[in-house]
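Let's take a walk through this structure together. Keep the 3D view open and follow along as we go.

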Amino acid sequence: MNAAQLLEGKRVCICVGAGGVGKTTTAASVAVGMAARGLKVAVVTIDPARRLANALGLERLENEPRLVSPKRLHGLEMRGELWAMMLDSKRTFDDLIERVAPTPARAEEIKRNGVYRELSSAVSGSQEFTAIEKLYELVSDDYDLLVLDTPPAHNAVEFLNAPGRLTAFLGGGALQVFLRPTGIGMRLLGMGAAPLLGALRLVTGVDLISDLTAFFTLLGGMTDEFSARAERVERLLHAPETAFVLVTSAESRPIDEAIWFRETLRENGMPFTGAIVNRMHPALSPGGVQRDLPPDLRAKLAASIAEYTVLAERDAAGLERLRASFTGEPILQVPELDGDIHDVQGLLAMRAELFDD
Amino acid sequence: MRRGFLHLRLMGVVPAARRYVRVAVSLPLLRRRLIFVTGKGGVGKTTVALALGLAAARTGQRTIVADLQGEGDPQEREIAPGLSRISVDPQSAMEEYLLLKVNGAAGLALRQSKLFSSFAMATPGMRELLCMGKLWELAQLERRTRDAAPYGLVIVDAPASGHGAAILRTPRTFAELARVGPIANQAQAIARTIADPAFTSVVAVSTPEEMPVNETFELGDALAAAPDPHELEAVILNRRHADRFTEIEVAALKHHGGDPGVRVALAEHARATRELEQERRLRDAFGERLLILPDLFVPRLELAQLGLLAGDLAR
């Protein structure tokens with residue numbers, strides 16, 4: 001099995017996994033490989049290494065993919081087109097507001113609102129939200145395949161949860177109930193609005209409530225649009241042409257996370273396609289030169305091999321655990337590549353491993 | 001000790017009798033009360049946080065390692081003598097906060113209300129603020145949680161660098177957003193604690209590879225440029241591999257380059273050479289603040305191995 005077979009018939013490939021497992025380079029390599037095979041591919045990267053970005057000709061954060069000149073990937077026959085972008089999260093959020101707002105003036109007002117400014121640059125959730133948003137936008141363009149790298153999160157599942165939280169906030173259901181003192185929420189709680197609002201003030205502060213009220217007044221009828229978009233995005237994420245590809249290393253913690261993520265996808269009915277395991281240490285085949293070397297060098301060589309063997313056995317065990325948690329989905333293995341994977345050579349080396357050539 | 005005394009008096013919350021409870025800590029790194037351990041994903045933040053915790057506990061400091069992933073035990077649990085662990089999640093932190101701050105029917109209604117909970121969880125920055133509030137509470141000598149014993153040191157197994165630096169700003173941002181009211185006051189109090197370099201420090205973890213090292217520099221810059229600037233207290237270079245081969249030996253090995261075992265040895269040598277370059281970059285920038293932990297080559301670190309790393313950190 002190679003990456004092309006893994007993505008057969010797919011239009012969207014979402015690379016998910018724990019931090020530090022080579023997710024961005026993997027996403028880029030998959031995109032390069034599929035483009036080389038003749039597809040028109042766009043890859044959305046998030047916070048790529050400087051030199052990887054340079055390798056793809058991405059000088060700055062942008063909002064639209066740009067065509068990567070085949071000359072940059074020297075030595076590779078490019079039969080299709082590779083487009084790439086570095087996601088500008090704040091810009092994407094602003095664009096969305098501009099698109100959804102009834103008038104430009106309203107959009108400007110929202111963008112000035114303190115709650116919005118915090119929201120669109122917030123610590124958690126906004127990158128995940130805008131990544132999905134960008135994906136949703138690009139899917140209506142004429143790309144054969146979209147490859148999405150996902151933001152570094154403390155865990156892989158965060159990527160699935162964060163956009164929903166933000167959409168819930170923008171959709172505003174729960175909030176608006178609270179902000180309207182006579183709303184249904186109060187009746188449901190079976191208590192007067194006064195003590196509850198009092199409690200809410202006590203917890204949040206008056207000004208925050210008035211800022212939030214202002215924010216939701218500005219959003220006005222737009223909240224329905226946010227909810228509708230969220231539903232369409234959900235459909236896209238569940239579509240059979242969408243592939244969630246798990247990227248991991250074979251170390252124990254990333255494998256733990258990968259198994260957990262696979263479980264979460266299963267529970268949510270998301271289309272899970274397979275895994276790419278990076279940085280594998282394949283088992284050593286026996287050699288026989290040791291006896292020709294001086295004794296102390298022989299001892300050092302043996303120590304070196306012993307340490308490698310620990311890694312090879314760890315990786316084999318990790319791979320086995322991962323396989324046992326799958327229901328037959330393919331696992332592609334990429335060996336630990338010597339040297340740096342964050343440049344054109346690294347990209348091409350990983351591509352060769354992923355596509356068997 | 002002196003600094004601690006001055007600081008606690010400024011905080012104005014600690015009864016006189018408690019001021020001298022703390023045991024002198026030999027490792028300078030562990031002299032703060034709240035340490036954030038951050039770094040690129042996959043560099044071993046959890047390992048380093050626990051190793052630091054063990055090192056502190058061994059000096060007699062009652063220590064807790066708190067992670068913000070909210071996947072482990074949300075209760076404080078002792079995992080080794082003097083060392084506890086907790087997994088802070090926003091939901092439990094909020095319930096605890098409401099329990100303490102909002103009395104009577106309203107408090108109960110808020111705690112049980114799904115609506116309120118989704119409101120709070122969706123409000124920008126609220127999740128982070130709640131987590132920071134819990135960390136702050138853990139670091140108080142006078143715990144607001146009833147009957148809770150104080151910790152001399154709280155070590156935070158923080159999110160990856162970008163988010164790690166951002167989460168430090170959350171209380172300040174939130175205080176500015178909410179302006180007045182109890183939450184603003186609370187956020188201001190937390191922000192002051194975080195801003196105080198005598199109370200709070202940030203430790204970066206990196207592996208000797210280019211990307212994590214780059215991220216360490218970026219983290220240092222981001223912290224220095226923050227509204228409440230911090231300097232990286234230490235940089236811990238994790239999983240460093242020593243170069244065991246001399247150049248003459250490498251030349252000898254190259255004669256047998258076709259042998260799989262020799263290829264492993266040569267790859268190891270090449271890696272050690274690359275790692276040395278990365279170590280130099282960090283050494284040039286951080287000098288004495290750079291600490292090094294070796295790769296222990298075990299499939300999964302247990303407490304015993306963390307003890308070894310703790311020993312290395314305390315040296």
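**A pair of strands to start from**

Find Ala204(B): it stands opposite Val235(B) in β7(B). The chain crosses from β6(B) through α9(B) to β7(B), and this β-α-β crossover is right-handed, meaning that with the strands pointing away from you, the path from the first strand over the helix to the second runs clockwise. Before going on, note that this is a predicted model, in which local features need pLDDT of at least 70 and side-chain atom pairs count only at pLDDT 80 or more, while totals for chains, interfaces and linings use all residues. Residues are numbered from 1 along each chain as its sequence is written, while chains are lettered from A and ligands numbered from 1 in the order in which they are written.

Strands pair if DSSP finds at least two bridges between them. Here β6 (residues 200-206) and β7 (residues 232-240) of chain B run parallel and are joined by five bridges.

How buried is β7(B)? Seven of its nine residues are buried, so β7(B) is largely enclosed by the rest of the structure. A residue is called buried if 20 or more other C-beta atoms lie within 10 Å of its own, exposed if 12 or fewer do, and partly exposed in between, with C-beta atoms placed from the backbone.

Now zoom out. These strands belong to an open sheet of eight strands in chain B, in the order β3-β4-β2-β5-β1-β6-β7-β8, with mixed pairing. At the edges stand β3 (77-80) and β8 (290-294) of chain B, each with a single partner strand, so one side of each has no neighbour in the sheet. In general, strands of a sheet pair through backbone hydrogen bonds, either parallel or antiparallel.

What lies across the sheet? Helix α9 (residues 210-225) of chain B lies across β1 (34-39), β6 and β7 of chain B, at about 160 degrees to β6(B). Helix α11 (residues 260-286) of chain B packs on the sheet too, touching β6, β7 and β8 of chain B, and makes about 170 degrees with β7(B). Such angles run from 0 to 180 degrees between N-to-C directions, using lines fitted to C-alpha atoms (for helices, over the stretch in contact).

Over in chain A, look for the largest nonpolar core, which has 76 residues. A nonpolar core is a set of buried Ala, Val, Leu, Ile, Met, Phe, Trp, Tyr and Cys residues joined through C-beta atoms within 7 Å. Cys13(A) is among those with the most contacts inside this core. Helix α2 (residues 23-36) of chain A gives the most to this core, with eight residues. Apart from this core lies another, of 75 residues, including Val48(B) and Val203(B).

With 19 C-beta neighbours inside 10 Å, Leu218(A) counts as partly exposed. Leaving out residues up to four places away in sequence, Leu218(A) touches Arg106(A), Glu109(A), Ile110(A) and Asn113(A), where contact means C-beta atoms, placed from the backbone, within 7 Å.

Technical notes
Helix = DSSP H or I, 4+ residues; strand = E, 2+ residues; numbered from the N terminus. Contact = placed C-beta atoms within 7 Å.
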